[in-house]
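Reader: Could you take me through this model, and tell me what stands behind each label you use?

Author: Gladly; let us look at it together.

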Amino acid sequence: QVQLVESGGGLVQPGGSLRLSCAASGRIFSISTMGWYRQPPGKQRELVAVTTSGGSTNYADSVQGRFTISRDNAKNTVYLQMNRLKSEDTAVYYCKARLLQLFGVSEYDYWGQGTQVTVSS
């Protein structure tokens, strides 16, 4: 009933840029927070950046100043602009939305399927 679809991953050289997108669709009444997480090879999933419906943002220290999260509430879409990419940014990137479905009574977290970002020369 709810889908999150990510796009924009790929292979990029160190110092390059990529922009990820994640669109939520389905029986959605409201979305409070949307964010990006990543899972490097052999490691646990970690927070990258999150934004609220009011526009506040929070970033992991490792990406502060290089990544920018933004959101289009009318399109239920969140973006992640990644600049000055490093090899350690290589990971599968996942989108998460905390939302209330139509006729729902509680918010739940929904995840996208993930998109691979590889930073390598």
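Author: The radius of gyration is taken over C-alpha atoms, and the globule rule is 2.2 Å times the number of residues to the power 0.38. This is a predicted model, where local features need pLDDT of at least 70 and side-chain atom pairs count only at pLDDT 80 or more, while totals for chains, interfaces and linings use all residues. Residues are numbered from 1 along each chain as its sequence is written, and side-chain values use heavy atoms, with hydrogens and water left out.

Reader: What makes the radius of gyration of the protein agree with a compact globule?

Author: For 121 residues the rule gives a radius near 14 Å, and the protein has 14 Å, so the two agree. Along the principal axes, the C-alpha atoms fill a box of roughly 50 × 25 × 25 Å.

Reader: How many helices and strands are there?

Author: There are zero helices and 11 strands. Helices (H or I, at least four residues) and strands (E, at least two) are DSSP runs, numbered from the N terminus. The order of elements is therefore written β-β-β-β-β-β-β-β-β-β-β.

Reader: Why is Arg-38 called buried?

Author: Buried means under 20% relative accessible area, exposed over 50%, and partly exposed in between (1.4 Å probe, protein chains only). Arg-38 has 4% relative accessibility, so it counts as buried. Of the 121 residues of the protein, 42% count as buried.

Reader: Which side chains make polar contacts with the side chain of Arg-38, and what makes them polar contacts?

Author: A polar contact is a pair of N or O atoms within 3.5 Å; within protein, one must be able to donate a hydrogen and the other to accept it, and residues adjacent in sequence count only if both atoms are side-chain atoms. The side chain of Arg-38 has such a contact with the side chain of Glu-46 at 2.7 Å, and another with the side chain of Asp-89 at 2.9 Å. Arg-38 itself belongs to strand S4 (residues 28-39).

Reader: How do you know that Thr-115 is buried, and what does its side chain reach?

Author: Its relative accessibility is 12%, so Thr-115 counts as buried. The side chain of Thr-115 reaches the backbone nitrogen of Gly-9 at 3.4 Å. Thr-115 is found in strand S11 (residues 115-119). Contact means heavy atoms within 4.5 Å. Leaving out residues up to four places away in sequence, Thr-115 touches Glu-6, Gly-9, Leu-20, Ala-91, Val-92 and Tyr-93.

Reader: Why is Arg-98 called partly exposed?

Author: Its relative accessible area is 35%, which puts Arg-98 in the partly exposed class. This residue of strand S9 lies 67 residues from Ile-31 in sequence, with 5.9 Å between their C-alpha atoms. Ile-31 is among the residues that Arg-98 touches, as are Ser-32 and Tyr-108.

Reader: Is Phe-103 buried or exposed, and what is its phi?

Author: With 75% relative accessibility, Phe-103 counts as exposed. Its phi is near 65 degrees, a positive value in a residue other than glycine. Phe-103 sits in the loop between S9 and strand S10 (108-111). Most residues other than glycine have a negative phi.

Reader: Where is Arg-84, and what is its phi?

Author: Arg-84 is in the loop between strand S8 (77-82) and strand S9 (91-101). Its phi is near 50 degrees, again positive in a residue other than glycine.
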